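Subject: Handover of a structure and notes on its helices and backbone

Dear colleague,

Please find below the structure that I am handing over to you.

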Amino acid sequence: DVDDIPVRIYWPPVPEHEDLPVVVFYHGGGWSIGDLDTHDVVCRDHAIGAEAIVVSVDYRLAPEHPFPQGVDDAWAALRWVGEHAAELGGDPARIAVAGDSAGGNFAAVMTQLARDHRGPPLVFQLLWYPATTGDTTLRSFVENADAPILDRDAVAAFLHWYVPGMDISDPSKLPTTLAPANAADLSELPPAFIGTAEHDPLRDDGARYAELLTAAGVPVELRNEPTLVHGYVSFALVVPAAAEATNRGLAALKAALTAAR
């Protein structure tokens, strides 16, 4: 029943625009900020690097639209792509999800919803420094409480806006559409690349989710970038180490989409 969700669609610079893989991208911003423009360059990088159509989703933001409205938009957009991929020049059998930070949270949640609802079939998940556990007691939150770009106070504000009134004191009790790491069953999810940054409160969120996916038999490549901070995919144009890190993830995405042909 969700409609009127803006999307921006990118086609890669390749000769043929038929049967291309499709990546549904969810931008970061603590579920509260960010839009199609803030991640325009990031989506262009994904389209070029993966040689894929990228559908960037402009989901509703908190605090005006708190949880789970953003999830609803993300899921509606993914289902729309599954139904209309061929009209875009895409291959409905080669759809992946990707996202950074809060968008990585959405991408992880989408893989579980798609599995449980028997589609759209997903072949890969590219998660950039995703929020997966809701556990702010993890070591990386303590070590990076005052980190640049994203710190403890910013995380607290985003959660206050996104889940107002929700008791988040026990992260193990959070719903899986907020904390995908809490899913009782993580099997039969698509392979993943998870990119994290050493100087990021969410570093251990990504590492923990990688551990859980691996234990469930899901192929995972985890790359923690020792010199980088949260949001590094957005810095790829100006920070060489960020460009290298971004290219690693995009190479994994392209390889997975090519193999699924």
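The notes below treat the helices, the contacts between them, and some points of the backbone.

The model is predicted; local features are given only where pLDDT is at least 70, side-chain atom pairs count only at pLDDT 80 or more, and totals for chains, interfaces and linings use all residues. Residues are numbered from 1 along each chain as its sequence is written, and side-chain values use heavy atoms, with hydrogens and water left out. Helices (H or I, at least four residues) and strands (E, at least two) are DSSP runs, numbered from the N terminus.

Helix H2 and its surroundings

Helix H2 covers residues 69-84, which is 16 residues. From its first C-alpha to its last, H2 reaches 22 Å, close to the expected 22 Å (the expected span is 1.5 Å times one less than the number of residues). The buried residues of H2 are Gly70, Val71, Asp73, Ala74, Trp75, Ala76, Ala77, Leu78 and Val81. Here, buried means under 20% relative accessible area, exposed over 50%, and partly exposed in between, for a 1.4 Å probe and protein chains only. Among the elements that cover these residues are strand S2 (20-26), strand S4 (90-100), helix H3 (102-116) and helix H5 (152-162).

How do H2 and H3 pack? Their axes are 10 Å apart and the angle is about 60° (axes are lines fitted to C-alpha atoms, for helices over the stretch in contact, and angles run from 0 to 180 degrees between N-to-C directions). H2 and H3 are therefore oblique to each other; angles under 35 degrees count as roughly parallel, over 145 as roughly antiparallel, 65 to 115 as roughly perpendicular, and the rest as oblique. The crossing is right-handed, a term used if the near helix is turned clockwise from the far one by less than a right angle, whereas anticlockwise is left-handed. Gly70, Val71, Ala74, Trp75 and Leu78 of H2 make the contact with Phe106, Val109, Met110, Leu113 and Ala114 of H3 (contact means heavy atoms within 4.5 Å). By class, these residues are nine nonpolar, one polar and no charged. Ala, Val, Leu, Ile, Met, Phe, Trp, Tyr, Cys and Pro count as nonpolar, Asp, Glu, Lys and Arg as charged, and the others, Gly among them, as polar.

An α-helix has 3.6 residues a turn, so residues three or four places apart point the same way.

Helices H1 and H7

Helix H1 (residues 40-50) and helix H7 (residues 240-259) have axes that come within 8 Å and cross at roughly 50°. That angle makes H1 oblique to H7, and the crossing is right-handed. On the H1 side the contact is formed by Asp45, His46, Gly49 and Ala50, and on the H7 side by Leu250, Leu253, Lys254 and Leu257. This contact has four nonpolar, two polar and two charged residues.

Helix H6

Helix H6 (residues 203-215) has 13 residues and reaches 19 Å between its end C-alpha atoms, close to the 18 Å expected. Its buried residues are Arg203, Asp204, Asp205, Gly206, Tyr209, Ala210 and Leu213. Among the elements covering them are H3, strand S6 (192-199) and strand S7 (220-229). Just after H6, Gly217 has a positive phi of about 90°.

Points of the backbone

Most residues other than glycine have a negative phi, and most peptide bonds are trans.

Yours sincerely
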